[in-house]
Structure formats: C-alpha cells, structure tokens
Amino acid sequence: MKLLMIDDDTGLCELLSEYLSSQGFEIQSVHDGEQGLKLAQANDYALILLDVMLPTLDGFEVLKQLRQTKLTPVIMLTAKGEDFDRIFGLELGADDYIPKPFNHRELLARVKAITRRIEHINSLNINTTNKLLVNGVTINLAAREASIDENTLTLTGTEYEILALLCKNASQVVSKEQISEEVLGRRLASFDRSIDMHVSNIRKKIAEHIKTERIKTMRGSGYVFIQGE
Amino acid sequence: MFSSKASKSGALSWLKHPRHYLFFKIFVWFWLTIIGTVTALVFLSNISVLNLVSNEPLHGPMEKNLAYTARSIERSAYKHNRSLESILSHPRLSKRKLLYLSAEQSDISFTNKETPINIDLSLLNFTKNMPPQIVFTEQYQAFGPVQLTVPEGVFYLYEIDINNQPPLFIRLKLMPGWIKVSIAIIASLILSFLFSRNLIAPINSLKKAAIKLSSGDLSARAAISTNRKDELGVLGRDFNSMANQLELLISSQKRLLADISHELRSPLTRLKMATGLAQMQANEASQSYLLRIEKEANQLDQMIADVLQVSRLEAKSQTLAMQKQSLNLIVEHVLNDAKFEAKQYDKQLTITGDASVTISCDEALIASALENLLRNAIKYANNTISIKLSHGDAVHIEICDDGPGVPNNQLDKLCEPFFRQSDARDRVSGGTGLGLAIAKNAITAHNGTLVLSNKDQGGLCANITLPIIKE
C-alpha cells in the first residue's frame, strides 16, 4: 500500500519510512508543498501524511487544492496544542490529525484505521448492489458513495464512513465514542471536537441538496440520522 | 504578583485622610497663601483710603506753563481792568483744562468752567502755602499752587486734571465687601487647584503606571507630556524608558522560551520515532532502557507543551474555542479521572454541591485548569481532597487538600512557572512545574480568578471564580 509523506523534516521522513515499510507500507516522501501537491494530484495514494508547516505551499493550501480534485485520505501532522490548526485542517476536509511529536504506535494505529477501509472496499467490490436508502439519502455500500437524487456527494473517506454508520443506525443515537472507535480507529479523547467537525462538514454537503436537517445533535450523547420528516 | 492597597481604597479616601495626600497639602497651602495675600492687599488698600491724597513736587515745563498762565491772568486783570470772573470765562482760558483759583484769606474761589458736582476742590485749600506740586486725589490730579495777585486780592492758581474714569483699584474699592471676598476665594481656589493638579497629575500617572507594571501589565506607561521639562517630566520619561527596557527584556525572554520549546519539537519527534524503531529490534535487556527513553521523551514532550501553552496564554495569543457548555459535564469528566488517580494514591475525593449551570467557555482549557489543580491537591493531600461547587452570580469551585499547605509568603509565587516551594519537591511525582501557571492563566483568560490560600487547620485551598455570562 502506497503512502505519501509531505514534511520538510527529512530526518523524520527517513525514520518514518523505515518504520512504516517494516509494517508493510510503501512510503514516498517529499519536502515541500508544491511538489507534494503535484504528486498527490497525479497519483492515487492510499493515504497522505501532510505536515502543516511547509516551504513553498503550506499544508492547508495543499489540502485545499487537493480536495478540489481528489478525496485521497489525508492525516494532518499538527503541532500539539495548536487547536486552530487541527480544527482548520478538519474543516478543509482532512480525515484525521495527529499532533507532533507523536508516538509511533499511535501513528500506525491511525494510518491503519484509515487504510483498513480501502482494504475493505477491495474485498467488498465483489459484493454488488448493496444499497441503503434512508430519508432521501442513498448509501452505496459497494461503491462507498453517498448520493441524493442521483447527485453524488463529494465526501471524504471519513465523512462517508460516519454518514454510513449513522444511516445504518437511523433513528438511533450513535455516540461520538462509537463513531470515533469505528471510523477513526481510536478512542475519543476528552474534549476532542474532530467528530463534530466531520459531522458539520457532512451537514453542509447534504444541505446543498436537501433543505431540512437530516442529522440531529443529541447534546452530550451523540448524533441521530432522522428517518421520516 | 504585587498588589497595591492604595489603589483599592475608594476614590474619596483623600477626604478622610487629607494629610496623606501631597495634592491636598500643596493645594491647601497655595490656596491659603493666595487668600492671605489678597486679603492683606485689600486690607491695606482700605486703610489707604484715609490718606488717599498724596503729593509730589512739581518741576519742569508743567510748572513754567502754570506760572505763565498765572502771569497772563495778572496782566489782563491790571491792563484791561477786568474782574477775575470775566477773565476766567474768556474762551481762551475756558477752553483749557479746569482752572481753580482760591483766595488767600477768604473762602472765595473761582473756576473757569462748570465743576463736576462730585469733585471736592476745597481739599486743595490746605496746600495753599506749599510750593507748587502735583496733588493726587481720588477724583483728580491738581497742579499748583501758583500765587497771583489781582485787584481783588491774592489768589492761588491750580490746574485740575479730572480722572474721567476712576482707576481700577478705586472701582474695586467701591465693590461690596462680599463680592470682593468671593472673587478672591474663587480665583485663588481655581488657581491653586490648577497649580496643584499640574504638580500632582504626573505623580498620579507615575503611580498608576507603577502599579500596573508591578501587577504584570508590561505595556503600562506613565502619561507624561514630552513638553514637561521639570523634575517630574524627567522622572516620568526615565520611568517610561525603564518600562520599555523591562518590557523588551521580559518579552524577549518569554519569546525565547517559546521559540526554543517550539524548535525542540522536531528533534523530539525524531527521537521518539528512532526509539520506536529501536524497540522493534531490541532484545529483552535493552528493552527496559528504551522504555525509559520513551518515558523521558514523553515527559519532555509534556513540558514543552506546557511551556508553549503558558506562553500562549500569557501572550493572550491562545484562540479560545468558546462554547456554551454545562459546567457539570466538564467537572464530571475531570472528576472521573481524578477519582481514579486519587484511588491509586489511596486518597479520598469528597464532592459537595453541584455545578448545574451553563457557562460559555473553552471547555478543554477549563478542564485542564481543574485537572492541574486537582492533580496538585491529590499530590499533596494526606488523606482527603474536598471539592465544593456552588453557583450564584458566578461559579465558585473550591478545591482543598489536607496536606502541609504552603508558607503564606509563597502563596503568590505558586502560580509562577517552574516555581517550587522547596528543593525537596522533585519531579518524582511527575509534574512539570507549570500546572498551576496553566490553571491560573486559563482561568484568567475566562475573566475568572484563582485565589490560593491556606486553611486554618492546614492544607491548601484553591478558590476558582468564573463569571456566568448572561445573554
């Protein structure tokens, strides 16, 4: 499985590629934003590890431009404590973030959580026409796409996973902890807003086609996908 | 941090203790001085009314002129044999200034034209035997006498210059006494006030700036005009340049700390990564050392994060993710972790009251403040940690331990970064020395207060007050 790492810390790139290749990943690393964006647009990577502070083009700009054409999963490498970076990255469509300096095991867990889906797709592709229609939103479990009246929603991998999870459990409250564990493959940290960010992105994308709210927030407990008006 | 008691007392305290205020002293002294001076002047000018007539010898052209006039009157009296009255009424003389002729023996007198009613020329009769002079009176100046002899007898000639407008001091004198007094009081009051304010304003401005500086507001400067050249002006400018220097030094020191911490992260990330790689290949023996390296790296990581958080909070560059949130939810969350931690140390956590109130806050920041305070309390408690929650106009949270407490003179310093009460407190318990600094700054960022105090029966109490912002 091929990963792209965009980080100007060459030493870290070397160590990381050594580590991840020992775990069965193939890593390509570049050290500036512009070059990274070109590679990301030209190839289909399983995952992109994207640093925020980059020469020529910063991480946010790379992500913004990449998202115009591609939905390749992106994990942002943010500085610890820079909450703004984290929230801004998720808003721009990053799938997850990991604060620097990170623990190698934690990084591996997140990378695996996101790439697992791709393996999942490949295994599921044989299984055809597995569709779910909930309250005007169609989930194509085989193609891993969501659509409304034949209009495909441009969801990132994480957003799709969250929407599919909510639709499968329509009318039931799905807790943030459950979403975090099933979709991001990690326990929800205290006061972590990333699930809220993803849900807010999904809402915006649904609202382009349907005016009424589909996903309701249950304060303190989680989210519900509303079935019926 | 220092605090000034003077700044806390009411604005009117100078009324209670006027002697404590230089402003008041100077003000009163100047006012009294001016009142005294004015009163003395008025008093003296009143006395001088009694001998308002004064005189000085007459010399020069004025005397010659007067003598010439006297000779010509004599001449026309003898030559044309005319009465003194008709000579005086002659246009040549009547066009001139007022002339006054007084007989030597009798009370007979003549003037060359109508005399204003209020003028009392008889005063001049006392000067008849004196040499020519200028006589100053309230209403006029008289030049004379010059003796002249006409068939009607011996006369003395005076030329009178009437003061059309009484001089200023005479008008003043005519005012009613109460007006004079109140003018003097008001004028001197205003003058003294302006004077003393001018003197005290820079001192007050210096005082305010010094209090602000000492309480940590490094941008405070004394508002002193650059045009002021006296000692106070110089003092103010010196103070400001000192404050500039101080701000520069402290801010560059803080920035350096933040910059170093930030830069330390890249090598730390690589260190952690390399440790991870080594762990994969290490044998049993070196594994424990690698675990130790990992643990120390994590400690370093936490310290760097704390330093950066404190410096961001102090520099107010932390972006607060303000959200309306039930305080109960935050407290519950933190307390769950704390209970677990307390249990590990075999200590008890008692909670009274509740915090079922919604406040607008950055929950992660408030949680980290509470976490740090609780961790501190758990660390130093002997047996129990008590938490009291209450809310009214504001939220109050009290976290107390039953430990040894802290000497009162060190209470203020507890919230300073890296302050350690005694050398005995080491890092074995796992703190970074920044917990209380983070707590204090996080609470201040929410416009709340954190007060640390010792309980009478021993133990440290942290009192948190958070405002409830009403929509």
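Colleague: How many of the residues of chain A count as buried?

Modeller: In this predicted model, 38% of the 229 residues of chain A count as buried. For chain B, the share is 25% of 471 residues.

Colleague: And what about helices and strands in chain A?

Modeller: Chain A has 8 helices and 12 strands. In chain B there are 12 helices and 13 strands.

Colleague: Let's go inside. Which residues touch the most other members of the largest nonpolar core?

Modeller: Those are A:I48, A:L49, A:L50, A:I75 and A:L163, in a core of 58 residues. Helix α6 of chain A, residues 157-168, gives the most to this core, with 6 residues. Domain 1 (2-122) and domain 2 (127-225) of chain A each contribute at least three residues to it.

Colleague: What is A:L50 in contact with, leaving aside its neighbours within four places in sequence?

Modeller: A:L50 is in contact with A:I6, A:G59, A:V62, A:L63, A:V74, A:M76 and A:L77. Apart from that core there is another one, of 47 residues, including B:V331, B:A369, B:A381 and B:I399.

Colleague: Now the contact between the chains. How many residues does each chain put in?

Modeller: Chain A puts in 21 residues and chain B 22. On the side of chain A that touches chain B, α1 (10-22) and α4 (83-91) each supply at least two residues.

Colleague: Switching to helix packing: how do α9 and α12 of chain B cross?

Modeller: The axes of α9(B), residues 284-314, and α12(B), residues 435-445, come within 9 Å and cross at roughly 30 degrees. Their crossing is left-handed.

Colleague: Which residues make that contact?

Modeller: From α9(B) there are B:D306, B:Q309, B:V310, B:L313 and B:E314, while α12(B) brings B:A437, B:I438, B:N441, B:A442 and B:A445. The residues of this contact divide into 6 nonpolar, 2 polar and 2 charged.

Colleague: Why does B:N447 count as exposed?

Modeller: Because B:N447 has 11 C-beta neighbours inside 10 Å, and a residue with 12 or fewer is exposed.

Colleague: What is phi for A:N135?

Modeller: Phi of A:N135 is near 50 degrees, again positive in a residue other than glycine. A:N135 sits in the loop between β6 (131-134) and β7 (137-140) of chain A. This residue counts as partly exposed, because it has 16 C-beta neighbours inside 10 Å.

Colleague: Where is A:D149, and is it buried or exposed?

Modeller: A:D149 is in the loop between β8 (145-148) and β9 (151-152) of chain A. It is exposed, with 9 other C-beta atoms within 10 Å. A:D149 and A:T138 are 11 residues apart in sequence and 8.0 Å apart in space, C-alpha to C-alpha.

Colleague: Last one: which residues does the cis peptide bond join?

Modeller: That bond joins A:K100 and A:P101, with omega about -5 degrees. A:P101 is in the loop between β5 (96-100) and α5 (104-124) of chain A.

How values were computed. Residues are numbered from 1 along each chain as its sequence is written. Chains are lettered from A and ligands numbered from 1 in the order in which they are written. This is a predicted model: local features need pLDDT of at least 70, side-chain atom pairs count only at pLDDT 80 or more; totals for chains, interfaces and linings use all residues. Helices (H or I, at least four residues) and strands (E, at least two) are DSSP runs, numbered from the N terminus. A residue is buried if 20 or more other C-beta atoms lie within 10 Å of its own, exposed if 12 or fewer, and partly exposed in between; C-beta atoms are placed from the backbone. Two residues are in contact if their C-beta atoms, placed from the backbone, lie within 7 Å. A nonpolar core is a set of buried Ala, Val, Leu, Ile, Met, Phe, Trp, Tyr and Cys residues joined through C-beta atoms within 7 Å. Domain bounds come from an automatic or database domain assignment. Axes are lines fitted to C-alpha atoms, for helices over the stretch in contact, and angles run from 0 to 180 degrees between N-to-C directions. A crossing is left-handed if the near helix is turned anticlockwise from the far one by less than a right angle, and right-handed if clockwise. Ala, Val, Leu, Ile, Met, Phe, Trp, Tyr, Cys and Pro count as nonpolar, Asp, Glu, Lys and Arg as charged, and the others, Gly among them, as polar.
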